[in-house]
Amino acid sequence: MTLTEAAPSRTALPQHVPVAVVGGGQAGLSISWHLVQRGVEHVVLERDTVAHEWVDARWDTFCLVTPNWQCRLPGWPYRGDDPDGFMLRDEIVDYVRSFASSFDPPVHEGVAVTRLAPATGGGYTLRTSAGELHADQVVLAVGGYHLPVVPPYASALPERITQLHSQQYRNPEQLPAGDVLVVGTGQSGAQIAEDLHLAGRRVHLAVGSAPRIARRYRGRDVVAWLHDLGHYDMPVEQHRDGEAARVGTNHYVTGRDGGRDIDLRTFATQGMQLYGTLAGVRDGLLRFEPNLTEHLDRADAVDDSAKDLIDRHIAAAGIGAPTETRYVPVWAPEADPTELDTSAIGSVVWAIGFRADWSWVRVPVFDGAGYPTHVRGVTSAPGLFVLGLPWLHTWGSGRFSGIARDAEFVADRITELTAAGTRTGLGSALAAAAASSASRVA
């Protein structure tokens with residue numbers, strides 16, 4: 001399948017369907033696959049096209065940071081000849097779209113859902129760009145990364161400075177001549193900084209609190225060791241941070257050129273300028289917190305703790321793995337820099353993440369922080385489910401490695417409700433009140 005091909009589209013949207021799935025990414029397609037196997041009638045509503053996020057919101061050299069063998073969409077495991085490699089962006093697109101074409105999901109592309117509310121008689125009403133739809137059950141498979149975050153003080157930067165969010169970044173040639181400030185060192189920020197650095201651009205990097213991890217240790221990819229240790233199967237309730245793990249930042253590492261560490265200290269020895277957390281802009285100066293040393297040391301400590309776990313596992317299991325010396329920092333700042341004149345840079349790439357936007361969901365299933373409360377994707381509103389969120393159930397939930405299991409669990413719950421003929425929704429009285437409230441704020 002070529003890059004421009006997509007999953008089949010349906011032009012006629014039914015007025016009623018037993019199950020509506022909102023979102024046609026890997027989560028929505030995975031639940032659709034399970035519903036197809038069970039013979040459950042449903043539709044998948046996709047605002048854009050299947051896999052469009054991989055096409056429209058990733059840079060040119062983007063690749064997976066987890067090995068290809070972890071790509072396990074339901075009924076569609078990785079089929080290539082490089083299981084220990086890391087698929088590039090276009091290969092990921094082909095993987096997702098070929099999965100979709102393998103079972104012909106009932107996808108309606110170009111259909112945006114603008115409001116979801118309880119229906120008075122039970123079930124849910126979905127207002128869409130193609131008309132209104134009633135569904136007995138609904139799966140919200142739209143992930144948790146909805147709106148790109150740019151800080152308010154970005155407006156204080158001079159107009160001559162080009163500003164992009166990481167979602168908009170494609171390649172170094174996209175940016176004007178001059179130094180580039182990259183803000184944030186999660187997976188996107190660290191990899192974009194490397195992309196610019198390797199292209200010969202002078203990079204200033206605002207280092208956040210994201211942890212790092214080695215690509216390989218003692219003869220194997222660290223992901224393989226963590227898989228054997230059961231970390232990708234650990235329920236969020238067993239994580240030391242509990243549900244707070246859901247808002248944590250992923251470790252930075254890369255699958256580029258076959259996979260390697262991202263060592264910010266090495267970049268510093270090669271000319272990259274490192275700073276701590278960007279705090280704001282004032283009087284023509286970018287102001288940074290004096291925490292660069294703390295962030296670098298903490299990232300190294302997380303890497304060390306992962307290696308400690310692996311060492312203990314190897315010893316306990318009697319595995320004949322090669323020994324390996326631990327990482328020794330190759331650079332440390334003499335002092336934490338706190339200022340950078342805005343005249344020194346020509347562009348900024350904001351890589352500080354996204355925020356969720358569930359404002360279109362008018363069902364009372366959210367906590368005080370606006371996160372949908374659920375247990376393994378099952379919300380407190382009967383017949384309403386969420387899927388594809390980070391740590392929905394395990395570390396693998398938001399990845400290709402764990403979405404099939406989560407989708408199967410949710411599909412089982414949907415099937416149980418369908419078979420039992422259970423009335424879904426919030427009940428007519430509460431639904432009417434909720435619908436009335438929703439109409440007042442629509």
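**Notebook: salt bridges, a helix and some backbone angles**

I began with Asp304 and Arg326, whose side chains meet in a salt bridge at 2.7 Å, N to O. Asp304 sits in helix α7 (residues 292–317) and Arg326 in the loop between α7 and β18, so this pair ties together parts that are 22 residues apart in sequence. I noted both partners as partly exposed: Asp304 has a relative accessible area of 28%, and Arg326 has 27%. A reminder to myself: this is a predicted model.

Next I looked up the salt bridge total, and the structure holds 22. One of them joins Asp233 to Arg405, with the closest N and O atoms 3.0 Å apart. Here Asp233 lies in the loop between α5 (222–228) and α6 (264–269) and Arg405 in helix α8 (residues 403–420), so the bridge ties together parts that are 172 residues apart in sequence. Asp233 is partly exposed at 41% relative accessible area, and Arg405 is partly exposed at 32%.

I then turned to Glu339 and Arg287, which form a salt bridge of 2.7 Å, N to O. Is Arg287 buried or exposed? At 18% relative accessibility, Arg287 counts as buried, while Glu339, at 42%, counts as partly exposed.

I also found a network of salt bridges linking Arg212, Arg265, Asp297, Asp300, Asp303 and Lys307.

On to helix α1 (residues 26–38). Its 13 residues should span 18 Å at 1.5 Å a residue, and I was pleased to see that the end C-alpha atoms are 19 Å apart, which agrees. Because 10 of the 13 residues are buried, α1 is largely enclosed by the rest of the structure. Among the buried ones I listed Leu29, Ile31, Trp33 and Leu35. Just after α1, Gly39 takes a positive phi of about 75°.

Most residues other than glycine have a negative phi. Asp104, though not a glycine, has a positive phi near 55°; I placed Asp104 in the loop between α3 and β5 (107–109), partly exposed at 42%. Arg376 also has a positive phi, of about 55°, without being a glycine. Arg376 is in the loop between β20 (354–355) and β21 (384–386) and is partly exposed at 23% relative accessibility.

Last, I checked surface charge. Asp81, Asp82, Asp84 and Glu91 form a negative surface patch. Glu91 belongs to helix α3 (residues 89–103) and is partly exposed, with a relative accessible area of 41%.

Key
Residues numbered from 1 in each chain as written. Predicted model: local features only at pLDDT ≥ 70, side-chain atom pairs only at ≥ 80, totals over all residues. Heavy atoms only, no water. Helix = DSSP H or I, 4+ residues; strand = E, 2+ residues; numbered from the N terminus. Expected span 1.5 Å × (residues − 1). Buried < 20%, exposed > 50% of the residue type's maximum accessible area, 1.4 Å probe, protein only. Patch = residues over 30% accessible without salt bridge, like charges linked within 9 Å, V, L, I, M, F, W, Y side chains within 5 Å. Areas by Shrake-Rupley, 256 points an atom, 1.4 Å probe, with all protein chains shown as cover. Salt bridge = Lys/Arg side-chain N within 4 Å of Asp/Glu carboxyl O. Lys, Arg positive; Asp, Glu negative; His and termini not counted. Charge placed at Lys NZ, Arg CZ, Asp CG, Glu CD.
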